[in-house]
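Here is a short briefing for a first look at this structure. Start with the chain and its coordinates, then read the points below.

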Amino acid sequence: MAQGQPEEIRANSYVGFETITRQIEHKLLKRGFQFNVIVVGQTGLGKSTLINTLFASHLIDSKGRFASDEEVRQTTEIHPVSHVIVENGVRLRLNIVDTPGYGDQVNNDNCWDPIIKYIKDQHSAYLRKELTAMRDRHIQDTRIHCALFFINPSGHSLRAIDIVVLKKLSEVVNVVPIIAKSDSLTMEERFAFKQKIRAELIHHNIRLYPFDTEETDDEEIQVNAQIRAMIPFAVVGSERTVVIDGKSVRGRKNRWGVINVEDEKHCEFVYLRNFLTRTHLQDLIETTAQIHYEAFRSKQLLALKESQANPRAGP
Ligand SMILES: Nc1nc2c(ncn2[C@@H]2O[C@H](COP(=O)(O)OP(=O)(O)OP(=O)(O)O)[C@@H](O)[C@H]2O)c(=O)[nH]1
Ligand SMILES: [Mg+2]
């Protein structure tokens with residue numbers, strides 16, 4: 001055997017490292033997972049409603065009512081709510097950040113600033129903990145993994161303010177656009193509107209999740225292309241139940257009839273939920289750490305280094 005080559009281990013010399021996957025799984029399950037979502041968009045587009053639709057069964061309060069089922073409840077401040085969901089022994093800590101709608105002021109300049117600041121603040125809080133000498137082995141993660149961006153179902157095009165906000169958001173977080181209240185569009189209108197929006201996003205060079213990087217393999221590239229073809233998800237939200245064929249389902253009644261939120265023939269709510277919870281949860285978390293947080297971190301550390309090298313120049 002050549003010098004420096006590892007000695008071949010015979011088949012009967014079992015050492016047991018193959019159990020490492022179970023060891024990792026056990027450790028991860030014990031710690032649980034953290035997933036943080038923010039909702040962003042103009043006033044009254046159904047942000048708060050969709051949050052309750054997505055995670056409905058978990059938001060019901062102790063009296064069996066939906067916790068936020070009041071008639072008028074305009075969101076007036078950035079409001080994070082935490083829930084712990086357990087499914088089959090897996091603990092998911094879900095942090096949902098509701099934000100006030102923007103765009104209804106006389107002057108809408110910089111109305112998105114508090115939202116961008118909130119997202120960046122979570123990055124700096126994480127960085128500060130990372131840089132602490134006696135740091136905890138596990139840092140509580142409040143970094144936002146996904147921003148659901150609500151588009152007005154106008155059927156025409158994105159508003160100028162939407163383009164600005166989408167640009168700002170996509171620089172700091174994974175953005176997933178959705179067409180809000182899509183029950184107000186016919187299927188044909190929806191189809192045409194989705195195509196129009198996709199073209200506009202490309203035209204304005206807005207880089208949305210999912211990204212293809214050098215590390216993305218062929219299978220992932222395919223899945224990502226499928227997701228891009230579906231975006232924006234045309235959704236309907238509801239906190240109420242309606243009766244369809246004798247069955248009580250989450251839905252809405254409108255001029256044309258009854259909409260079952262969970263019926264794929266009626267809207268794409270189920271696709272959005274599957275995407276968020278079943279297929280892309282882990283990737284959204286990873287991408288946040290590897291792309292968005294990493295970009296923030298290197299910029300901050302560079303600024304810190306420069307201010308140390310040149311203290312009189314200030315930070
Ligand atoms: N037709 C229809 N109405 C909806 C839908 N989702 C919500 N609504 C209604 O729209 C209104 C506003 O919903 P909210 O969830 O409070 O909207 P919001 O975006 O949180 O509003 P702000 O907090 O003011 O920004 C309510 O009357 C909802 O019942 C939907 O998918 N379709
Ligand atoms: Mg709201």
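An axis here is a line fitted to C-alpha atoms, for helices over the stretch in contact, and angles run from 0 to 180 degrees between N-to-C directions. The model is predicted. Two packed helices are described by the angle between their axes and the distance between the axes.

**Helices α4 and α9**

- Helix α4 covers residues 113-131, and helix α9 covers residues 281-309.
- Their axes come within 10 Å and cross at roughly 70 degrees.
- Angles of 65 to 115 degrees count as roughly perpendicular, so α4 is roughly perpendicular to α9.
- On the α4 side, the contact is made by Lys120, His123, Ser124, Tyr126, Leu127, Glu130 and Leu131.
- On the α9 side, they meet Thr288, His292, Tyr293, Phe296, Arg297, Gln300 and Leu301.
- By type, the residues of this contact are 6 nonpolar, 5 polar and 3 charged.

**Helix α7**

- Helix α7 spans residues 218-230, 13 residues in all.
- From first C-alpha to last, α7 reaches 19 Å, close to the 18 Å expected at 1.5 Å a residue.
- Asp217 caps the N-terminal end of α7.
- A side-chain oxygen of Asp217 lies 3.1 Å from the backbone nitrogen of Glu219.

**Around ligand 1**

- Ligand 1 is surrounded by 16 residues.
- The closest are Lys47, Thr49, Thr75, Asp183 and Gly237.
- Ser48 has a polar side-chain atom 2.9 Å from an oxygen atom of ligand 1.
- In the side chain of Thr75, an N or O atom is 2.8 Å from an oxygen atom of ligand 1.
- Gly101 uses its backbone: a polar atom there is 3.0 Å from an oxygen atom of ligand 1.

Note on methods
Residues are numbered from 1 along each chain as its sequence is written. Chains are lettered from A and ligands numbered from 1 in the order in which they are written. This is a predicted model: local features need pLDDT of at least 70, side-chain atom pairs count only at pLDDT 80 or more; totals for chains, interfaces and linings use all residues. Side-chain values use heavy atoms; hydrogens and water are left out. Helices (H or I, at least four residues) and strands (E, at least two) are DSSP runs, numbered from the N terminus. Angles under 35 degrees count as roughly parallel, over 145 as roughly antiparallel, 65 to 115 as roughly perpendicular and the rest as oblique. Contact means heavy atoms within 4.5 Å. Ala, Val, Leu, Ile, Met, Phe, Trp, Tyr, Cys and Pro count as nonpolar, Asp, Glu, Lys and Arg as charged, and the others, Gly among them, as polar. The expected span of a helix is 1.5 Å times one less than its number of residues. A polar contact is a pair of N or O atoms within 3.5 Å; within protein, one must be able to donate a hydrogen and the other to accept it, and residues adjacent in sequence count only if both atoms are side-chain atoms. A residue is near a molecule or strand if one of its heavy atoms lies within 4 Å of it.
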